[in-house]
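Morning, everyone. I have one model to walk through today, so let me put it on the screen.

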Amino acid sequence: MRRLALFSAVLLLTGVTVPASAHRPVRVPGAQHQEVARLADLTTTGTVASGHTNPADYAGLTHAGLPSPSGIPGVQIDGYFPDNSRTNTNHGWNHDSQFVVRLPDRWNGGLVVSGSPGVRAQYANDKAISDYVLSLGYAFAATDKGNTGAEFFTDGVRPGDAIVEWNLRMTQLTRAARATVGQYYDRAPREVVAAGISNGGYLVRWQLENHPDLYTRGVDLEGTLWTANGPNLFTFLPPAIRGYEQQSPELITGAGFDPKSDFLWDYHYTVYWKLTQRIYAAELDPSYTGSEADYDYARRPEAHKAIRRIALTGRIGKPLVTIQGTYDSLLPITQDSDVYAAMARRTGLHTYLRVEAGNHVDGLVDAHPDQLVPLVPLLQQAIRTPS
């Protein structure tokens, strides 16, 4: 108690406002396990050293030139909700549905909630989103989506179950984080922003379509588009893989990829295309046994059925900003955000930023600084400035 009193005195002398409730126990509703820590710095500048993040979760997602804020004190809560899958090894917990909630001492009244991109764990947005929004005074919460890693598809029984859980876990965390923020600061957040990248961007779109009451607005960077009739990953990745293996650029561009992004195709074939096709087929069409290049979505009715469970409609109920780059070499813009923008246009709530020479991950900007434009700064700007 003496240490807490001394800490509070120091904060008052430096002008930092700590809520009166900060010395009371804070509990994330529904959490099976949680650990609360008061940290001198909630950003990655501090949490890497203190062990309150995992740099492997966010490796490659941002470019070296992205500013790194620091010196933001507050409370971090790490924990997990009840779940029976074990793909997330963070903290040695071997337990899925892990989350992180960060509560800065200087709070602007807002909350940003995010799900991880790709099949990464809960700290994946720490550099791209958490650091920045904490510097603005937002509270921040993120989920691992309920399953992680290249074998995420082992979670669940029916085709599509693992991805269905992603949406449920985002909803669960948003409700819990809203309550936690209200408990900690003694008032409800005035603004709740859903923000995410890639699969995390898909979550933003799905949440604003299905639970708009939980959010004030959303920002998605290159959110994954799932539609049962196409386009989706299964309609453009197999022909791109086939085109690469047959040395046919025409097949790759015919699948929707910008011909000016050809300098990225070697990397994406090696790292992304085949792996992505393989693991999502295992999730949504597990009876398929052929090669990635030979997959024919038109002949896979079970995949259509599974995708209907997770499909987007464009019927958003709150304002949404979508950002994507024309050189995206994983989710071609012509098959993704161009289509979603058309789907959402009728709502009058959608703003679309199409960025020339932006790619799917900003880490590649460091390797191609004269050819690629970083997109995370635009994501951050959109979070800061409502459309």
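Let's start with serine 116, which sits in the loop between strand 4 and helix 4, residues 126-136. Keep in mind that this is a predicted model. Serine 116 counts as buried, because its relative accessibility is 1% and the cut-off for buried is under 20%. What is serine 116 in contact with, leaving aside its neighbours within four places in sequence? The list is Ala121, Ala124, Asn125, Thr143, Asp144, Lys145, Asn199 and Gly200. Two of those names, Asn199 and Gly200, come back in helix 6, where they are among the buried residues.

Now the strands. Strand 4, residues 110-115, pairs with strand 6 in the parallel sense, over four bridges. Glycine 110 has glutamate 191 of strand 6 as its bridge partner. Strand 6 also pairs with strand 7, residues 217-221; that pairing is parallel too, over five bridges. There, glycine 196 is bridged to aspartate 220 of strand 7.

How enclosed is strand 6? Seven of its seven residues, 191-197, are buried, so the rest of the structure largely encloses this strand. Glu191, Val193, Ala195 and Ile197 point one way. Val192, Ala194 and Gly196 point the other way, and all are buried.

Next, the connection. Strand 6, helix 6 and strand 7 form a β-α-β unit, and it is right-handed. Helix 6 covers residues 199-210. From first C-alpha to last, its 12 residues reach 16 Å, close to the 16 Å expected at 1.5 Å a residue. Helix 6 is mostly covered, with 11 of the 12 residues buried. Tyr202, Trp206 and Leu208 are among them.

Glutamate 222 lies in the loop between strand 7 and helix 7. Its phi is positive, about 50°, although the residue is not a glycine. Glutamate 222 is buried, at a relative accessible area of 1%. Proline 231 is also placed between strand 7 and helix 7, residues 233-245. The peptide bond from glycine 230 to proline 231 is cis, with omega near 5°.

For another positive phi, go to asparagine 94, where the value is near 50°. Asparagine 94 is in the loop between strand 2 (74-80) and strand 3 (98-104). It counts as partly exposed, at 37% relative accessibility.

Last, the core. Nonpolar side chains in soluble globular proteins tend to be buried together. Here the largest nonpolar core has 78 residues. Which members touch the most others? They are Leu103, Ile163, Trp226, Phe234, Trp273 and Tyr280. Helix 5, residues 161-185, contributes the most to this core, with 10 residues. Another core, of 24 residues, lies apart from it and includes Val100, Val355, Leu379 and Ile383.

Back to tryptophan 226 for a moment. Beyond its neighbours within four places in sequence, tryptophan 226 has contacts including Ile163, Tyr202, Tyr280, Leu284 and Ile307. Pro231, the residue at the cis bond, is one of its contacts too.

That's the tour. Thanks.

Key:
Residues are numbered from 1 along each chain as its sequence is written. This is a predicted model: local features need pLDDT of at least 70, side-chain atom pairs count only at pLDDT 80 or more; totals for chains, interfaces and linings use all residues. Side-chain values use heavy atoms; hydrogens and water are left out. A nonpolar core is a set of buried Ala, Val, Leu, Ile, Met, Phe, Trp, Tyr and Cys residues joined through side-chain atoms within 4.5 Å. Buried means under 20% relative accessible area, exposed over 50%, partly exposed in between (1.4 Å probe, protein chains only). Helices (H or I, at least four residues) and strands (E, at least two) are DSSP runs, numbered from the N terminus. Contact means heavy atoms within 4.5 Å. Two strands pair if DSSP finds at least two bridges between them. A crossover is right-handed if, with the strands pointing away from the viewer, the path from the first strand over the helix to the second runs clockwise. The expected span of a helix is 1.5 Å times one less than its number of residues.
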